[in-house]
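Have a go at each task before you look at its solution.

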Amino acid sequence: MGRVFVRDYEDILAKSKRIILVACGTSWHAALIGEYFLEELARIPVEVEYASEFRYRDPIIRKDDVVVAISQSGETADTLAAIQIAKEKGATVLGICNVVGSSIARETDAGVYTHAGHEVGVASTKAFTAQLSVLLLIALKLGQLNNSLPKKRFESLLESFGSIPRLIELSLSSKDNIFKLAESMKDVRDVFYLGRSYGFPTALEGALKLKEISYIHAEGYPAAEMKHGPIALVEKGVPVIFIATDGNQLDKVLSNMEEIKARDGRVIAIATQDNEMVKAVSEEIIEIPKADEIFTPFLATIPLQLLSYQIAVLRGCDVDKPRNLAKSVTVE
């Protein structure tokens, strides 16, 4: 997998009628965001599969499909099994992983190393951001190749992408607010994370991090799905964290926030800086810098990671080695 496939496999990718992303855990959340990137920018149909489910059914895979396996370690057993199935059915199989020379790197036709460096903690953090970066760059390249992405937008997004590290630093300037919020949440029993569009998979990842390292029950949902059952669990004081950043669905998110507020839930928002409408509905708010909506996962995820980290520390949990978890799931 030593080659960079956006160069060596760009024609196959650009002409593909379908891309299938397979992954587990945090990498699966990165894949969900990758689906949004690829479909919006490159206009290629994408399916996202849990590798653990993909391997035990008889998936329909055609020879002109491209299957992309995503894994931090490159050793995830279910993902390796999914790769084998895809190869047997004749698909082009590519990989995105962090560990050079890993099994996924060897088994795939080509791919990309994320080069995130050694990640000590069991709960994946920087590898997740690196996976998003690779997926966004692939989507930008494919959008350029198949003429689905206007040149002006391509150049604007590419230039803006270079400023993401600086914007992340700015988003962490609100860490005092994050630590204060963590202190007030350390003894809660349940937390819900809600979002729409790019905010939905971001909410899933925020909830996973809280579960993994603090052992607090947390669930992520598309904001509109709260009305289809989970809202029955909202009672006075239950924290509900909304990814309420500027975008074309913010008005819908604001409506969902009002619904939680009306049921005495505790409304907390990850919001774009200086948004007075979000402030008016929220009890607490963590602000992130203004940016194109497509960068929401980059800017909102890291404050959520920091919140989970601080809650775990306050609860006396081992942040790097959560109970019952392993860095690489190499067995079923």
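**Exercise 1.** In this predicted model, find which residues of α3 meet which residues of α11, then work out how the two helices are oriented to each other.

*Solution.* 
Step 1: Locate the helices. Helix α3 covers residues 25-41 and helix α11 covers residues 199-214.
Step 2: List the contacts. From α3 come Gly25, Thr26, Trp28, His29, Leu32, Ile33 and Tyr36. They meet Phe200, Pro201, Thr202, Leu204, Glu205, Leu208 and Lys209 of α11.
Step 3: Sort these residues by class. The contact of α3 with α11 has 8 nonpolar, 4 polar and 2 charged residues.
Step 4: Look at the axes. Two packed helices are described by the angle between their axes and the distance between the axes. Here the axes of α3 and α11 come within 9 Å and cross at roughly 170°.
Step 5: Compare with the cut-off. Angles over 145 degrees count as roughly antiparallel, and therefore α3 and α11 are roughly antiparallel to each other.

**Exercise 2.** Find the salt-bridge partner of aspartate 65, and say whether the two residues are buried or exposed.

*Solution.* 
Step 1: Recall the idea. Side chains of opposite charge can pair when their charged atoms come close.
Step 2: Find the partner. Aspartate 65 forms a salt bridge with arginine 18, and their closest N and O atoms are 2.6 Å apart.
Step 3: Aspartate 65 lies in the loop between α4 (51-54) and β3 (66-71), while arginine 18 lies in the loop between α2 (10-15) and β1 (19-23). The two are 47 residues apart, so this pair links distant parts of the chain.
Step 4: Check burial. Aspartate 65 and arginine 18 are both buried.
Step 5: Look for further partners. Arg18 and Asp65 belong to a network of salt bridges that also includes Glu47.

**Exercise 3.** Classify both residues of the salt bridge between aspartate 190 and arginine 189 as buried or exposed.

*Solution.* 
Step 1: Note the pair. The closest N and O atoms of aspartate 190 and arginine 189 are 2.8 Å apart.
Step 2: Take aspartate 190. Its relative accessibility is 17%, so aspartate 190 counts as buried, the cut-off being under 20%.
Step 3: Take arginine 189. Its relative accessibility is 64%, so arginine 189 counts as exposed, the cut-off being over 50%.

**Exercise 4.** How many salt bridges does a search of the whole structure find?

*Solution.* The search finds 16 salt bridges. One of them joins the side chains of aspartate 292 and arginine 153, at 3.0 Å from N to O.

Methods: Residues are numbered from 1 along each chain as its sequence is written. This is a predicted model: local features need pLDDT of at least 70, side-chain atom pairs count only at pLDDT 80 or more; totals for chains, interfaces and linings use all residues. Side-chain values use heavy atoms; hydrogens and water are left out. A salt bridge is a side-chain nitrogen of Lys or Arg within 4 Å of a carboxyl oxygen of Asp or Glu. Helices (H or I, at least four residues) and strands (E, at least two) are DSSP runs, numbered from the N terminus. Buried means under 20% relative accessible area, exposed over 50%, partly exposed in between (1.4 Å probe, protein chains only). Axes are lines fitted to C-alpha atoms, for helices over the stretch in contact, and angles run from 0 to 180 degrees between N-to-C directions. Angles under 35 degrees count as roughly parallel, over 145 as roughly antiparallel, 65 to 115 as roughly perpendicular and the rest as oblique. Contact means heavy atoms within 4.5 Å. Ala, Val, Leu, Ile, Met, Phe, Trp, Tyr, Cys and Pro count as nonpolar, Asp, Glu, Lys and Arg as charged, and the others, Gly among them, as polar.
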